[in-house]
Amino acid sequence: MKNRFVILILLLSAWQYSNAQRPYFNTHELPRELSGSSIEVLYQDNSGFIWLGSSIGLILFDGLDYTLIENPDTNCSNIVSSIGAVGNDLWIGYKDGCVAMLTNFEIKPHYEFEGITTPITGIIALEDRSIAIATYGQGFYFKTDDVIQNMNSNSGLADDFLYSIFQDEYGNIWVGGDKGIDLIDPSTGSISSYNSASGLPDDIVLKITADDKKQIWIGMHDRGVAYFDRDLMSFTVPELLKNWSYGPVTDILPMENEIWIATKRNGIVALVDQYDSYVRVYDKEYGLNQHLVKDLLIDHESNIWIASGVNYLKSTNKQFEFIYDHEEINFGNLHTVMADQKGVLWFSNNEGLFSHKIVFTGFNVLRKWFDITSLNNQQILSLYPDVNGRIWIGTFGDGAYCLDPVDGSILQFNEAKGLINNNVFSIDGGGNEIWFATLGGTSRTSIDVNTFPDLIFNNFQSRDGLANDFIYKVYTDSRNRTWFGTDGGGMSVYENGAFINYSEIEDKVVLSIVEDGLGNIWFSTASNGIYKFDGQNFTNYDQKKGIAGQEITSLAIDKNGDLVIVTNWGINILNISNDKIRYFGAETGILSSEQELNAIAKDINGDIWIPTASALIKYMAEEGEGWRNPKVNMTAVNIYFDEENFIDNAKFDHDQNHITFKFVGLWYQNPGQVKYQYKLEGYDLDWITTKDKSVTYPKLSHGNFAFKLRSSSNNDFDSSEILTHHFSVSKPFWKRHWFLALIGLIMLVMVYWVIKSREDRLKNEAELRKAHVVHQFETLKSQVNPHFLFNSFNTLASIIEEDQKMAVEYVEKLSDFFRNILQYQEKEVIMVHEEIRLLNEYFYLQQKRYGENLKLNMEIPYTSMSYKISPLTLQLLVENAIKHNVISKRNPLEIEIRSDGDYLIIENMIKSKKQEIRSTKTGLANISDTYKLLTNKPVTVKSDGLKFKVGIPLIKQS
C-alpha cells in the first residue's frame, strides 16, 4: 500500500495569513440627495440608531434609509466633527465650534458653549453624567448641571490643540493633542503629562481608547499605535508595528483578540491576537474604496462600520472571515473540511487533500498531501482524526484511507478488507472505536496500536436492527452512544449492544447529527427542518420557527453552545437556551451556502469552518455575546399626518384621534428581512403583520390604549421583545360626566320650565281670555249704559220732531250698531275695514248728539285694511275720548286716527272736564291684555298733558 501511493508534500508558499483570510466589506452608497457628502464620524446611540456625522450635517441611518437632520441654527457650520451622548440625549459638535443637542430627532442648539470657536474633536459622557468636550484650540470643557469649566494651557494642560478625549475605568480623563497626552484626575485636579521626552513614541496623539482588558491604546501621527502598561507606567509599541509605515492613525477599534487601526493612507491595519501575533492590512484591494479611513464603529450586532471616502459607507461582520482562493487552490469548490487536535485544518477539493495550520505564529504553511488521482479519482466525502493523530478519509466508491501525518504513510480499507461498503459518507468515533457510515450499512472497528493496521470490522445492516442501510451521518455522543442518520428510516442509535430506531418524525431522511452541551441530540432532515431530541420528546424547528431555508446541509455546536445551521440560503445560529435564531446571508458576504453534505468543522479555538460554493467561511462566535433580535423603536407619533412629533404625549384631545405611529426595527446585518407585528389593545383583536414602518388609526374613540409593537428578522415573533406605547384619547366634553350631568340638569330645568311655562301660559291665556271677555263685556256694557241709551233716545226724540226720515235712519243705525256688536264680540280679531265700519256706525250715533263739535279724522291707507284688529277696540277708544273730554261749540273735540307703520294711532287733544268722570280704568288695561294674547307687539299709551295718544298694533293675517 505504501508503495502504491506516493506522498506528495508540496510547500506551496509561505502563506501570510493576512493575504488569504479577509472579512467581507459591504458597500452602502448614500442616496442621491446626500451625494457629495463625506462621512467624518460614526456613532450608535442607546436605542440602536447609527448616526453619521457628515460634511453636510447629521444623518440618521436605520440600515435602509438615510435622514438628514438639519441644524436650525443657520450661524453654525454643517460639518459634524464629533458625536457623543449623555443618557438618551445626543450631543453634536461641529467643525466651527458649535455645539447642539438632539432630542426626539430634533436638533436644539446649545448656546451655553457660544464661546467655543474652534473645531469640536471629542464629546464624552463622564461617570457623573457630566459632559466633556475637547476642542482643537481651546482645550476642553466640563459641563456639570449648569456649570461650565474650561481647562486649557493656562490651567496646566500641555496643549490647547486636542484630538481625542477618553475616560478610563478609574475615572481619569485622557486627552491627546499636538504635545502628547495629559492625564487628569478629576477628584484632585492633578495633571500628568506624557510626551516623547517621557517615553511616548510620538508627540502628536490622535486617538486614545481602551480594549476589553482595560488596556489603554494610543494612536499617533507618525509612529502608529502603542499601549500603556499601567504596571510599568510606560508605553509599548507592538513588535510587528514598530516599523510603522501606514500613515497617521485616525481611529482604533479594539475587539476580542483583535485590534483594528484606521489610517489615512493604508485603509485598516488589523493586529490579530491584539499584541504580537500577526498583521493584516485591508485597503482598496480588499473592498475599501479609499485608502483613507476616517472612523470605525462596532454596533450591537457585531457589525463593523467604516467611514471611508465620499458617498460611501462600508460595513462588515466581525464574526465572519472568508478565504476565496490562494494561488492554484480555489476555496470555492471544497467537498469536506475537518479540524484536528493539533490546530490543523484539513480540506479536500477536486484536486486532492490539503492542510494548513489554524494556530498562527507569523506565517502559515499550506500543504498538499496527494492528488485525487491517488484515490482513483474518487471524491473525498468525509474526514476524521483518531486519537492517535491519524487522518481517516472516506471516499465515494474507493472505501476509506488512513493517513499518518508524521511519516506520510497511507493505508486503504475497503470491502476487500472487511468494510461493509466502499461509499463512506461519514466517519466518527470515540477512543479507539471508529464507526463508518456507508450506503450499505455501518462498520465498526477498533484501532488499538497493538492490532493496527490489521483491523477487524463489525458490520451492521437493517437485518441487524439498523433502521436503513443507506446512512448519511454517524455521530458518537458524550455518553458513547452512536447515532445514525438514514435515508428513509429516520434515526437509529446503537447503545448497550443493540439498535433503537426512531421513526416518529415526519421526514425520515436524516442528514446531520450533533449533540449540544445539555446532552440534547439535534438532527436535520431533508425537508422538515431540524429536530431536538431530549431523550423523551422531539421538538421541530423549521421556517415557521425562523430558520431561513429548509435544505439543511450541516450542523455544528459553536463555542457558546449555540447550534450552527447551514442551509441553502445561508447560516442560522440557534441559541438553544432561548430558541432565538439569528440569520446571516448575502449582507454578511455569504453569497452562496451551497455545500457538500456535513462539510463543517469546529477547530480547537471553537471556531466553525464552513466550505461553500464561493469561499471557505470561518465563523467566530463571540464569547458572552448577548443574543439580539431586531431592536424596535418608535420614531414618531403624528396627528392627521402633520409633521409635528407627539411621541412624548400620553394624552390626546378628542379631536386628536387620527393617529399615525412610525417605527423601525434596527437589524443592520440585513434590514430588508425585518417584519413587524402590531396591535392596538382596545381596537385590534389580534396581531397584524406588515413590512411597512408606519400604521394609521383614524377616528379613534375615547379611552385608554396600548399600541404594542414587535419585530423579527425570521418570522419568529413569539420570542421578540414587545415595545408598548400607552396613550389615551379624552372624551369630548359632551360625553364627559360633568357635561352629561349638566345636560341632565338642564333637561330637568327645561322640563320644569316647559311645564311651568305651560301652566303660566294656560294661566295667562285664561287671564287674557278673561280680560278679553271683560273687554267685550265692558264694551257691551258701555253701549247698553243707561246714559248712552238715554242720550241716544233723547237724540232720537229731537230728530223725530225735526225730521222723521232721519229718525228712521237713526234707529236703523242704532239697530245695526247693536247687531254688529253682538256679531263681532265673540271673535278674537276682525279686519280693519270691519272695525272702521263699526266705528263709523258708533260715530254716526255720537255725532247726531254733538253735531259739528265732534269730529273724527281718519287717514288709513288701503294697505292697512288687510290687517286685523281686536273688535270694538277703536270704538272703545273713541268712546273713552268722548267720555273724558269737554265737547262744546267753544271746545270742539277732534279725534284723529291714522296709520303709522304696523300701528293705528288714535290721538286727541286733552280737554278734561271740570267735573272728573268716574272711571274703572280697566278699558285700556283690558285692551293691552287682549293684545298680549294676540301679538308680541305692545299697545302704547302716551300723554304729554296736551295730547293723549294710543297705538294699537296691527295683526298680520296668518
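**Figure 1. Helix α4 passes helix α5 in a right-handed crossing.** In this predicted model, the axes of α4 and α5 come within 8 Å and cross at roughly 25°. Because angles under 35 degrees count as roughly parallel, α4 is described as roughly parallel to α5. On the α4 side, the contact is made by Glu835, Leu839, Tyr842, Gln846 and Tyr850. On the α5 side, Thr873, Leu874, Gln875, Val878, Glu879 and Ile882 take part. Sorted by class, the contact of α4 with α5 has 6 nonpolar, 3 polar and 2 charged residues.

**Figure 2. Helices α5 and α6 pack with a left-handed crossing.** Helix α6 comprises residues 923-934. Its axis lies 11 Å from that of α5, and the two helices pack at an angle of about 160°. Angles over 145 degrees count as roughly antiparallel, and α5 and α6 are therefore roughly antiparallel to each other. Thr873, Leu876 and Leu877 of α5 meet Gly923, Leu924, Ile927 and Tyr931 of α6. The residues of this contact of α5 with α6 divide into 5 nonpolar and 2 polar, with no charged residue.

**Figure 3. Five strands form an open sheet with mixed pairing.** The order of the strands across the sheet is β70-β72-β73-β75-β74. Which strands lie at the edges? They are β70 (854-859) and β74 (940-943), each of which pairs on one side only. From one strand to the next, the twist averages 15°.

**Figure 4. Strands β70 and β72 pair in the parallel sense.** Strand β72 covers residues 893-900, and its pairing with β70 extends over 6 bridges. Asn857 has Glu896 in β72 as its bridge partner.

Figure 5. Over residues 1-19, by contrast, pLDDT stays under 50. For residues 1-19 the model has 55 contacts beyond four places in sequence.

Note on methods:
Residues are numbered from 1 along each chain as its sequence is written. This is a predicted model: local features need pLDDT of at least 70, side-chain atom pairs count only at pLDDT 80 or more; totals for chains, interfaces and linings use all residues. Side-chain values use heavy atoms; hydrogens and water are left out. pLDDT is the predictor's confidence in each residue, from 0 to 100. Contact means heavy atoms within 4.5 Å. Two strands pair if DSSP finds at least two bridges between them. Helices (H or I, at least four residues) and strands (E, at least two) are DSSP runs, numbered from the N terminus. Axes are lines fitted to C-alpha atoms, for helices over the stretch in contact, and angles run from 0 to 180 degrees between N-to-C directions. Angles under 35 degrees count as roughly parallel, over 145 as roughly antiparallel, 65 to 115 as roughly perpendicular and the rest as oblique. A crossing is left-handed if the near helix is turned anticlockwise from the far one by less than a right angle, and right-handed if clockwise. Ala, Val, Leu, Ile, Met, Phe, Trp, Tyr, Cys and Pro count as nonpolar, Asp, Glu, Lys and Arg as charged, and the others, Gly among them, as polar.
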